[in-house]
Amino acid sequence: MLDRKASRSRYSAFFACLAAAVTTYLILQSIGPANAVPSFARQTGQECVACHVSFPELTPYGRYFKLTGYTIGKRSFSSEGMSYVPLAVMAQASVTSTRNNHATDPDTGDTVSINQRNNSMVFCCASIFLASKVNDYIGGFIQWSYDNLATSADGTLGGHGGIDNTDIRIVGKYAAERAAVPDWIYGATLHNNPTVQDVWNSTPAFGFPYTASPLASTPAAATLIDGGLAQQVAGIGGYVFWKKTLYGELSFYRTADGAFSILRQGQDIHTDGGVAAIKGYNPYWRFAYNHEWGPHSVMVGTYGMTIDRYPSNFDTSTPTDHFRDVAVDAQYQYITDPHVFTTQATYIDERQSYKASYPVALASGAGIGAGPAPANPNDKLHTFKAKATYYFDRKYGATLGYFTTGGSADAGLYGMDASGNAIKPDNNGYIVELDYLPVQYVRLMLQYVGYGKFDGASTNYDGNGRSARDNNTIFFNIWAAF
Amino acid sequence: MPTTHGFRVAILGMVLGIVVNVAGAQTVSPEIHKAAEAKAVSLCSTCHGPRGISTSAEFPILAAQNKAYLEVQIDAFRKKTRAEKDAHDFMWGIAGNLDEAIIGGIADYYATQPAAVGHADNPALVAQGRELYDKGIGDRGIPACATCHGANAEGLADFPRLAGQHAKYVAKQLNYIQSLVRAAPVMHGIVKDLTPGEIVALATYVQSR
C-alpha cells in the first residue's frame, strides 16, 4: 500500500516538475533576453558568466572581482546621476519529494509526515541584494532574505525575514613600476558568516550544494565553521593576495550584538539557543596557494578558527565551551568555451572541549540554559565534502558530490540507540545534480540526495525503524535572479 | 594569382586604413599613459595576461597588436557594434567604462609590449596553413592573407597582427566573421568560402609565427 502511495507521490512530483518547467519556459519566452540582470552585472556591464561558472561558484575573474572589493565597473550614483539601480532580487520555487515521507511519532506511535508539503510546489525563498561599489576602494553586498517556510520557536510555520550573507570591503592594490600584474591586493572585510568572505568554493559558506531543499530532513551534526555561526557573528578581517599566488587572511569573530547587531538582524535573539553568543574576538585564518595557467586554475589551502562559545546566549557570565576547527581544501577549475570542469574538496576537523557544559551536565543531567548537555568532556567531529561539475556551453550542467561526517559517540548530544549505546553523529551520502540554464540568470535544477548513514546509523536510526535512505530526496528547483 | 573584386576591395581598404591610421595617430600624454598602464595592469591583465600575453586561448593575446586596430576594436565593444558572445559577455561592460583617451592609452600600452613567441602544435597543419596564408586559393578567389596581415603575420596598418595569436581564438573569430556574427565586411568576403579544415590550418599556422 505504501509502495503504491509512494509511486503515486513520485508521479505527482514528476507532473509538478513538468508543470514548473513549462511555466518557466513560458515566462522566459515572455521575458526575452534583454531584461535586467543582477546588480553587479549592471555595475560591470558584464554577464554572469564572467564571474560565475554557475551561481555562486566563482571563476578566476570572479575571485579577482571579489578580492578587489566588488569595485570593478561604475558607481551606481555619481555627479551625473544614477546609472543603475544597485539592487538585485533572487527567488526560488521548488518541489521536494522524500523517499519515505512517513515516520512514527516516538510519543504516540502515530504515523506522521516528515515533510508537510511533500511533492508540492512551494515558493521559497526570496532575497533582495543591495550590491554595489561605493567608490574605487569600497564595495560590498548585503543580502536580505525572506523565508516563507520558516519555523518559529513554537514550531509553527510562518514567514520570516532577516539579514543573510553580507560582505563589505575596503581594498587597495599595489603594483611596482613596470609590473605586469598587481603585486599585492589587500583589503579589509566586515561580514557575518565565517568563510562567506572566501573566494574559493571549497569552503562552507559558498560550497556545494549551492542550493538545497528548504523542506528535506538533513543530518543534525555539522561543524561550527560549516554554517553554525552564520548570520550570528560579526567578522572583521584583513587579507593580502600576492601576485595572485599566495593568499593570507586573518579575521576575528565576535557576537553580532551592540553596534554590530545589524549583521544578525532578524535572527531569533529572544529565544535561548536562538543565536550563538561567543566570548570576545575569536581568530579565523586562511592561507592558500593559487596558480592559474591557460584555462586551468588550482588552489590548495587551509582555513580554520577557534571559538569560545557560551552554552546559553542568555547567560554570558558562565565559562565557555571551546571549539577548534582546522580544515584543508583544494579546488581545480578548467574553463573554456564550451567545456567547463570544476572540482572542490574540503576536510574539516573539529575538536570540541565542553569546559563549561560538561561539568554542569555531569552534575545535573542538563546543560546550561538551552546549551548542550554532553556526556563527554571532549568530542571530535570531522567532515569531508567533495564534488565535481561539468558544464557544456554554460547551459547544461551535471554535478556529482559526496559528503561524510563522523565523530565521537555522545549520548548527551546525539542520544542513545535501542541497545543503550551512545549514538555517533555519523552521516554520509551523495548528491547527483543536473542543471539547465536557459538564460544566465535562471537555473532549473534537478537534484537527488542519497544517504548511506543518517544521524548515526544506516538503519533504524530513530529507534522506530526509519532508515537513512528513507530520507533520500528528489529536489526540483527553479532559481532566478534579476 | 588572379585578382578578384573582393581582393581589390581589400587592398583599397588597406590603403584607406593606412591613411586613416597615419592621420589619426596621436601621441599619448604621460598622464594618460600612466592611467592606461594602471588599468591594463590591474584589470585587463586578469584575462589578457601579463603584458597582454594571455595563457588561456579563450582570451586573445594583445601584446604587440597594432595600436589602431586595438582602438577600433575597443571602441566597437564600447559602441556594442562588435557583438559576438564573448564580446557581449565580457567586453561590452569593460569597454563601456573607458573613455577615448584611456582607450588610446591602453592600445598604446599593448602595442608597445614584446610580442608573444609563436608555437607550433601540428607541423602538417602548419604547412597547410602556411600555403594558404602565403598564396591563398586562386581558383576559389581567396587571396593570400599575407597581403594584408604581413609576410610574417605581423599585421600591417589597421590590419591586425596574427602572429603568435591563440589558434583557438583565431579560428573562433574566423567562424564568427564567416557566419556574420562579427561584422567585418571585407574579411567576410575573403573568408566566406574557407572550409572548417582550412580555418583550423590557418589558425594553427599564424599561432606558430
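Modeller: One begins with confidence, since this is a predicted model. In chain A, pLDDT stays under 50 over residues 22-37, a stretch for which the model has 11 contacts beyond four places in sequence. Residues 13-17 of chain A also stay under 50, with 10 such contacts in the model.

Colleague: How should such stretches be treated, and what is the mean pLDDT of chain A?

Modeller: Where pLDDT is low, the predicted coordinates should not be read in detail. For chain A the mean pLDDT is 91, and 91% of its residues reach 70 or more.

Colleague: Let us turn to the contact between the chains. How many residues does it take from chain A and from chain B?

Modeller: The size of an interface is often given as the accessible area lost when the parts come together. Here the description is by residues: chain A contributes 22 and chain B contributes 19. On the side of chain A that touches chain B, the elements giving two or more residues are helix 3 (48-51) and helix 4 (60-67). That side of chain A comprises 12 nonpolar, 6 polar and 4 charged residues.

Colleague: Are the residues of helix 4 of chain A buried or exposed?

Modeller: The helix is mostly covered, with 8 of its 8 residues buried. Among them are Tyr61(A), Tyr64(A), Phe65(A) and Leu67(A), but also Arg63(A) and Lys66(A). Just after helix 4 of chain A, Gly69(A) adopts a positive phi of about 75°.

Colleague: Where is Gly73(A) placed, and why does Gly73(A) count as buried?

Modeller: Gly73(A) lies in the loop between helix 4 and strand 3 (77-78) of chain A. Gly73(A) is buried because 23 other C-beta atoms lie within 10 Å, and the cut-off for burial is 20 or more. Beyond four places in sequence, Gly73(A) is in contact with Gln43(A), Thr44(A), Gly45(A) and Lys133(A), and with Gly93(B) and Asn97(B) of chain B. Lys133(A) is 60 residues away along the chain, yet the two C-alpha atoms are separated by 7.9 Å.

Colleague: How are strand pairings to be read, and how many bridges join strand 18 of chain A to strand 19 of chain A?

Modeller: In a regular strand the side chains alternate between the two faces of the sheet. For pairing, one looks at the sense, the bridges and the residues that stand opposite one another. Strand 18 (residues 339-353) and strand 19 (residues 378-392) of chain A run antiparallel and are joined by 15 bridges. Val340(A) stands opposite Tyr391(A) of strand 19. Strand 19 of chain A also pairs with strand 20 (residues 396-407) of chain A, in the antiparallel sense over 12 bridges, and there Leu381(A) stands opposite Gly407(A).

Colleague: Which residue takes a positive phi in the hairpin of strand 19 and strand 20 of chain A?

Modeller: The residue is Asp393(A), with phi near 60°; the hairpin has 3 residues between its strands.

Colleague: Which strands pair with strand 10 of chain A?

Modeller: Strand 9 (residues 138-147) of chain A pairs with strand 10 (residues 160-174) in the antiparallel sense over 9 bridges, and Ile142(A) stands opposite Thr166(A). Strand 11 (residues 184-191) of chain A is joined to strand 10 by 8 bridges, again antiparallel; Asp167(A) stands opposite His191(A).

Colleague: Finally, which residues touch the most other members of the largest nonpolar core?

Modeller: In soluble globular proteins, nonpolar side chains tend to be buried together. The largest nonpolar core here has 57 residues, of which Ala63(B), Ile74(B), Ile106(B), Ala107(B) and Tyr110(B) touch the most other members. Helix 5 (residues 100-111) of chain B supplies the largest share of this core, 6 residues. Another core, of 27 residues, lies apart from it and includes Tyr133(B), Ile142(B), Ala157(B) and Val170(B).

Definitions and conventions:
Residues numbered from 1 in each chain as written. Chains lettered and ligands numbered in written order. Predicted model: local features only at pLDDT ≥ 70, side-chain atom pairs only at ≥ 80, totals over all residues. Contact = placed C-beta atoms within 7 Å. Helix = DSSP H or I, 4+ residues; strand = E, 2+ residues; numbered from the N terminus. Nonpolar A, V, L, I, M, F, W, Y, C, P; charged D, E, K, R; others polar. pLDDT = per-residue confidence, 0-100. Pairing = 2+ DSSP bridges. Buried ≥ 20, exposed ≤ 12 C-beta atoms within 10 Å, placed from the backbone. Core = buried A, V, L, I, M, F, W, Y, C linked by C-beta atoms within 7 Å.
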